[in-house]
Amino acid sequence: MERAHPGYLRTFFLEQNLARATTGGRFGRGGSLLFYVPVLLVGFLPWVALLPRLLRRVRAAGTRPPELEARARLFLLCAVAVPLAILTVAGSKLVYYALPLAPPFAVLALGELRRLAQEAPRPRPRLGVALLVLGGAVAFAGALALVGSLVEPEALQAWVGRQRSPAKLAEELQRLRAVCAALPVVGVAALAVGIGLGWSGRALRAGRPALALSGVAGCLLLANLAVPWVLREAGAAYSDRDLARAVAAHAGEHGAVVGYGTFRRGVPFYLDRPCYVWYATYAEFGHDLARGECRYALQNDEQALAALIAAEPRIVLIARNVQGGEALAALSPVPLRLLTTVGGRALFVRADAR
């Protein structure tokens, strides 16, 4: 990699790792010391409720337990706590940085669930009531989602009543339409999960913990199975697939693509080739770029953009909004025309292109 792309080792190890860990603010990835607390509480639901039992068990065994099972439990807890401490003090923070904590925590939770199921059956009214309340809340949210699916996105946008630019309004409306299309699936799944959690709460109050745990696991499985159906409807509002398809329909396999004032990461992914960027920021590349240092980073070079437009008859310029065409027209050596708008983004091409 270093031979093919000189400077790769410096960029990857020093800037993309060390610099991100120590200077997260420059990358726009900063966060407080409590950043990962809600991430873990929500991301590991409902098994995070077992954490107090785990901590009490580890504390009772001490730091040098003689039993192999206790030593394994201590090791797994350290496999969660030590990376969590490193992530907490790091300068850059993102939600998915916590993913490596999931496997050791899953093994810990599984062992605790096994012990919980093997304990002598006895009523657990408090936990059972908590599951009943949680099930009722989830079912109520599902009912609200079903009611919300009947509301027109335009009415919902007007009800929100926020001040937006025309481009922002178009993008917001597209997202609202996609979200409303996914609400029926969300509503049905939430109702089923809420009923399942309520049934698990009743089983736990009746002194049947194994049956209650099976019910909770079934609810989580049902929720996971519903996710692809939800993403199929709502994902279009956050995916660049349709934008890339509109670009490819005009640019073909070899036409240049330029992001002018906007950088959509999914476009080069779906096109499977590099795209030009009007200005590449430090946060995207990990280091400052000078003009001419990277072929695809124009760095506000008006002459380079004009030469690119003149040399590429099938060029597509992606602007943040339609108003961006005025600035492009001032820089272009040939007339431009608006091809289409997708997700609030405006696509401009040469007027002489067919």
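My entries on a helix pair and a sheet follow.

**Ground rules.** I am working with a predicted model, where local features need pLDDT of at least 70, side-chain atom pairs count only at pLDDT 80 or more, and totals for chains, interfaces and linings use all residues. Residues are numbered from 1 along each chain as its sequence is written, and side-chain values use heavy atoms, without hydrogens and water.

**Helix pair.** I looked up H3 (residues 51–61) and H4 (residues 68–89). Helices (H or I, at least four residues) and strands (E, at least two) are DSSP runs, numbered from the N terminus. The axes of H3 and H4 come within 10 Å and cross at roughly 125°. Axes are lines fitted to C-alpha atoms, for helices over the stretch in contact, and angles run from 0 to 180 degrees between N-to-C directions. H3 and H4 are therefore oblique to each other; under 35 degrees is roughly parallel, over 145 roughly antiparallel, 65 to 115 roughly perpendicular, and the rest oblique.

**Who touches whom?** I listed Leu54, Leu55, Arg57, Val58 and Ala61 in H3, which meet Ala70, Arg73, Leu74 and Leu77 in H4. Contact means heavy atoms within 4.5 Å.

**Sheet.** I found five strands in an open, mixed sheet, ordered S2-S1-S3-S5-S4. Two strands pair if DSSP finds at least two bridges between them. S2 (276–277) and S4 (336–342) are at the edges with a single partner strand each, so one side of each lacks a neighbour in the sheet. S3 (residues 316–319) and S5 (residues 345–350) run antiparallel, joined by four bridges. Alanine 319 has alanine 346 in S5 as its bridge partner.
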